[in-house]
Amino acid sequence: MSFYIGREASKLWKRICAETTTEINLLAENWKYLLAGLVFQYIHGLAARGVHYLHKPAPTLQDVGFFLLRELGQDKAYISETLFSLIFLSFVLWTFHPFIFKSRKIYTVVIWCRVFAFLVASQVLRIITFYSTQLPGPNYHCREGSNLATLPHPNSVFEVLFLNFPRGVVYGCGDLIFSSHMIFTLVFVLTYQKYGSRRSIKQLGWLLAVVQSLLIVASRKHYTVDVVVAWYTVNLVVFFIDKKLPELPDRSIAAATLLPLSIKDKDGRTKEENHKLLNGNSGDPLDWRQRTQVNGKIMEDGNTLHVDSAMNGA
């Protein structure tokens, strides 16, 4: 038993080392795209922080989702965040599965380049949208009477640049249309839909995305319009950008083409080549006709060849 565990551990370590080498080479080629995606996440947070200074608390707007879904309350607001954290961590772990499992279709670096492309495009549209019109926030800390609903004028530029992390990120107001949580959720689900291998997980991902949408509205973190706009905007963004990006190479196909031929395959190919040489075939399936030889000349399918009478003594 210990020998088996040691052998499998050795295989796993070799697999991790080989995958690490491959991913480092890809990272050396694509680090600029990953860095740009990470930097834009900060820019997106900075934009959300800036719109909070413009937020004016007012009575909550009329919303169909608020009528249909029971309000969870402040004590249960963590439920939607817990589900989002589960979706986020599950996707991150999946993107690193090539380091562990034999069956793999993606490269970690390349898949994150695509994910950041989807996120950045969606977040650019989101920034333009929530700066165009500021709606009164429906969340509890954004309502009238809350000390967090408005921000005083910053004392220094560093107060804005540091985002008052993490409090400023958690208790933001004004960045409503459209939901940032749904951007991440839908980008992750759509990516796994295309590059994932398990159908049951794909179906579960879409189910969790729907549940996440309902919980966001029930927690009063967003209006229903914020979630609805996210659904069709993110899907369209991913659809059009994915068509512009080069197709991700399928590692399973690439691995199959690089596998050496077995002895059986080699023997089969050798016999086939010998058969072609003996029969004078070109390799074309339509040209697999039996040939016979008469007086140094070849006859095909019973069609006789004229032979010089002088040569035959006739």
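Helices α7 and α8 are roughly antiparallel to each other. The structure described here is a predicted model. Helix α7 covers residues 180-195, and helix α8 covers residues 199-218. Their axes come within 9 Å and cross at roughly 170°. Angles over 145 degrees count as roughly antiparallel, and therefore the pair is described in that way.

Residues from both helices make the contact. Helix α7 contributes His181, Met182, Thr185, Leu186, Val189, Leu190, Tyr192 and Gln193. Helix α8 contributes Ile201, Lys202, Gly205, Trp206, Ala209, Gln212, Ser213 and Ile216. Sorted by class, the contact of α7 with α8 holds nine nonpolar residues, six polar residues and one charged residue.

Two helices, α1 (2-52) and α5 (157-161), each supply at least two of the patch residues. The largest share comes from α1, with six residues.

Charged side chains were examined next. Side chains of opposite charge can pair when their charged atoms come close. The model contains six salt bridges, counted where a side-chain nitrogen of Lys or Arg lies within 4 Å of a carboxyl oxygen of Asp or Glu. Aspartate 242 forms a salt bridge with arginine 114. The closest N and O atoms of this pair are 2.5 Å apart.

Most residues other than glycine have a negative phi, and most peptide bonds are trans. A cis peptide bond joins isoleucine 177 and phenylalanine 178. Omega at this bond is about 0°. Phenylalanine 178 is found in the loop between α6 (167-170) and α7. The other feature involves arginine 220, a residue other than glycine with a positive phi. Its phi is near 60°. Arginine 220 lies in the loop between α8 and α9.

Methods
Residues numbered from 1 in each chain as written. Predicted model: local features only at pLDDT ≥ 70, side-chain atom pairs only at ≥ 80, totals over all residues. Heavy atoms only, no water. Axes fitted to C-alpha atoms, helices over the stretch in contact; angles between N-to-C directions. Helix = DSSP H or I, 4+ residues; strand = E, 2+ residues; numbered from the N terminus. Parallel < 35°, antiparallel > 145°, perpendicular 65-115°, else oblique. Contact = heavy atoms within 4.5 Å. Nonpolar A, V, L, I, M, F, W, Y, C, P; charged D, E, K, R; others polar.
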